[in-house]
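Student: Could you walk me through reading the surroundings of a ligand?
Tutor: Gladly; let's look at the model together.

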Amino acid sequence: MPPGNRQMTVGLFGGSFNPPHPGHRLVAETALKRLGLSRIWWIVTPGNPLKDHGILRPLGERVAMARAMASPARMDVTAFEARYKVRFTADMVALVRARRPELRIVWVMGADSMATFHRWQEWQRIAEMVPIAVVDRPGATFAALASPFARRYDFARIPQERASILPYRQAPAWTFLFGPRDATSSTRLRGEAVMPS
Ligand SMILES: Nc1ncnc2c1ncn2[C@@H]1O[C@H](COP(=O)(O)OP(=O)(O)OP(=O)(O)O)[C@@H](O)[C@H]1O
Ligand SMILES: O=C(O)c1ccc[n+]([C@@H]2O[C@H](COP(=O)([O-])O)[C@@H](O)[C@H]2O)c1
């Protein structure tokens with residue numbers, strides 16, 4: 001787990017990154033800037049519990065590619081979920097809370113993830129443990145804002161103009177950051193055979 005101190009606000013940005021792409025970098029940059037974060041951690045999952053793992057590149061390769069895509073200035077790339085044998089985001093967030101109680105953390109995800117968030121293990125526990133920032137993604141805006149998560153936690157939404165207070169808010173609290181957007185996806189890149197075999 002990357003280091004941190006009491007003053008730090010940290011975005012937790014989980015992903016398969018299979019492969020990482022400019023859309024991921026835009027999400028990380030948007031969260032850093034709009035939430036005023038000290039750092040953002042790209043947390044490379046050993047495998048999304050909801051996805052087919054057959055097409056996953058090895059974890060070490062995805063970490064190396066994510067390091068090449070992330071900006072070294074305020075971004076860390078880590079794969080501590082594998083080391084701690086944690087599969088679910090709820091358990092990962094609880095682990096960070098337990099090991100780094102001094103950090104102010106925010107879970108960061110794209111609008112497509114928000115649209116299916118209610119299918120995640122203990123999704124309401126996640127929402128009540130950590131503030132959440134959602135970055136818009138082409139094609140996913142409506143599904144995200146009409147999702148069970150958005151409806152269940154409508155009372156806890158913070159307007160994007162006030163997103164910089166999110167790291168200091170008690171969960172449940174979330175914000176939706178509209179634009180700029182990037183339409184890149186790992187699926188499309190794999191289809192275009194951009195990755196060397
Ligand atoms: N272009 C994008 N715009 C906004 N969010 C994105 C974008 N690409 C990925 N994300 C978000 O980044 C996180 C990690 O995504 P992931 O690694 O699954 O990339 P992906 O392009 O969605 O992959 P795949 O096409 O294989 O599903 C998720 O929260 C996802 O919503
Ligand atoms: O905990 C869950 O049930 C869960 C279900 C789906 C996705 N996630 C997490 O969401 C993040 C994004 O996953 P992905 O595959 O869309 O890049 C990654 O950190 C996954 O571990 C977590």
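Tutor: Start with residue classes: Ala, Val, Leu, Ile, Met, Phe, Trp, Tyr, Cys and Pro count as nonpolar, Asp, Glu, Lys and Arg as charged, and the others, Gly among them, as polar. The shell around ligand 2 then divides into 6 nonpolar, 8 polar and 1 charged residues.

Student: What should I know about the model and its labels?
Tutor: This model is predicted: local features need pLDDT of at least 70, side-chain atom pairs count only at pLDDT 80 or more, and totals for chains, interfaces and linings use all residues. Residues are numbered from 1 along each chain as its sequence is written, while chains are lettered from A and ligands numbered from 1 in the order in which they are written.

Student: Which residues are closest to ligand 2?
Tutor: A residue is near a molecule if its C-beta atom, placed from the backbone, lies within 6 Å of it. For ligand 2, 15 residues qualify, and G14, G15, S16, N48 and W120 are the closest.

Student: And which come nearest to ligand 1?
Tutor: Of its 18 residues, those are G15, G23, G110, S186 and T187. By class, the shell around ligand 1 has 4 nonpolar, 11 polar and 3 charged residues.

Student: Which element supplies the largest share of the shell around ligand 1?
Tutor: Helices are DSSP runs (H or I, at least four residues), numbered from the N terminus. Helix α1 gives the largest share, 3 residues. This helix covers residues 22-35, and just after it G36 takes a positive phi of about 65°.

Definitions and conventions. Helix = DSSP H or I, 4+ residues; strand = E, 2+ residues; numbered from the N terminus. Expected span 1.5 Å × (residues − 1).
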